[in-house]
Amino acid sequence: MMNFTFIPIVVGISLFLGMLLFYVMGRRLGFKHFNKDAETDGKPSAGTIEAAIFALFGLLIAFTFSGAASRFDDRRHLIAEETNAIGTAYLRLDIVDADARAELQALFRRYTDSRLEYYKRLPDVEAAQHEWNNSMALQNTIWTQAVAACRTQTVPSACVVLLPALNAMIDITTTRKMAMMMHPPKIIFVLLFVFAYGCSFIAGYGTARNPSHRWVHPMVFATMTAIAVYVIVDIEYPRFGVIRVDAADQILIELRESMNRKAE
């Protein structure tokens, strides 16, 4: 199984090395076109084109980073929404008759444990999918038993409050899974690499006019770009890399603990 944790690191390192390689290629090609006495006709227009390409690259990074950060915040917000949905449905179990209530509350505790375990098992996708199936089975059991309890409820109108809460709790799981799967099209990441390599090539080509050369500027440029792209990829997959949303799971853990206290 692929270890997704190292994907952002691999992306960053490959981008860094590739940019340096294209910089060297551009510089070598530039040496073939320029010499110490070469004319520099058209330099202003070339400079304008270079500036436009670098500006496009900057905008691409900015928009990609902004989108990744926005999706990261959305995923944290959905954790709070699911916690509220589970907590609300659990509290509304109090309207169910005592016989059915105890079993439903036990199922809720198992269900909450399963939801926590599902995200804890990532990035082991296979193990996480197994836990997802377990959560879905518990959802079906909870719904079936809640509907059965409503049919024998002494106050049938009370279930008008309970069932919508259960429905919201079920719906949010699909919303969270879809949010976890939402990422920019792969072509966006391809464009990031293409623009990064292209800008490095242009920068190397331009430095060929000057025989003296220092590696500080290309090294810093490649490093800063690689770090920016690394952070973008890491934020896009907050259950796999260094930047994670695990801290937000604490509110769901606290809800689970409150269920234990209520059961005592």
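1. Which residues in α3 meet which residues in α5? In this predicted model, Phe 108, Tyr 111, Arg 115, Tyr 118 and Tyr 119 are the α3 residues in contact, and their partners in α5 are Leu 166, Met 169, Thr 173, Arg 176, Lys 177 and Met 180. Sorted by class, this contact consists of 7 nonpolar, 1 polar and 3 charged residues.

2. The axes of α3 and α5 lie 13 Å apart, and the packing angle is about 5 degrees. Because angles under 35 degrees count as roughly parallel, α3 is described as roughly parallel to α5.

3. The largest nonpolar core has 27 residues, and those touching the most other members are Ile 86, Leu 104, Phe 108, Ile 142, Leu 166 and Met 169. Two or more residues each are given to this core by α2 (43-91), α3 (98-120), α4 (125-151), α5 (159-181) and α8 (250-263). The largest share, 7 residues, is that of α5. A second, separate core comprises 23 residues, among them Phe 72, Leu 192, Phe 193 and Ala 196.

4. Leaving aside residues up to four places away in sequence, Leu 104 touches Leu 93, Val 96, Ile 142, Gln 145 and Ala 146.

5. The model contains 1 disulfide, which links Cys 150 with Cys 159 at an S to S distance of 2.2 Å. The link is left-handed, with -105 degrees about the S-S bond. Both partners count as buried: Cys 150 has 12% relative accessibility, and Cys 159 has 7%.

6. Cys 199 is also buried, its relative accessible area being 0%.

Technical notes. Residues are numbered from 1 along each chain as its sequence is written. This is a predicted model: local features need pLDDT of at least 70, side-chain atom pairs count only at pLDDT 80 or more; totals for chains, interfaces and linings use all residues. Side-chain values use heavy atoms; hydrogens and water are left out. A nonpolar core is a set of buried Ala, Val, Leu, Ile, Met, Phe, Trp, Tyr and Cys residues joined through side-chain atoms within 4.5 Å. Buried means under 20% relative accessible area, exposed over 50%, partly exposed in between (1.4 Å probe, protein chains only). Helices (H or I, at least four residues) and strands (E, at least two) are DSSP runs, numbered from the N terminus. Contact means heavy atoms within 4.5 Å. Axes are lines fitted to C-alpha atoms, for helices over the stretch in contact, and angles run from 0 to 180 degrees between N-to-C directions. Angles under 35 degrees count as roughly parallel, over 145 as roughly antiparallel, 65 to 115 as roughly perpendicular and the rest as oblique. Ala, Val, Leu, Ile, Met, Phe, Trp, Tyr, Cys and Pro count as nonpolar, Asp, Glu, Lys and Arg as charged, and the others, Gly among them, as polar. A disulfide is a pair of cysteine sulfur atoms within 2.5 Å.
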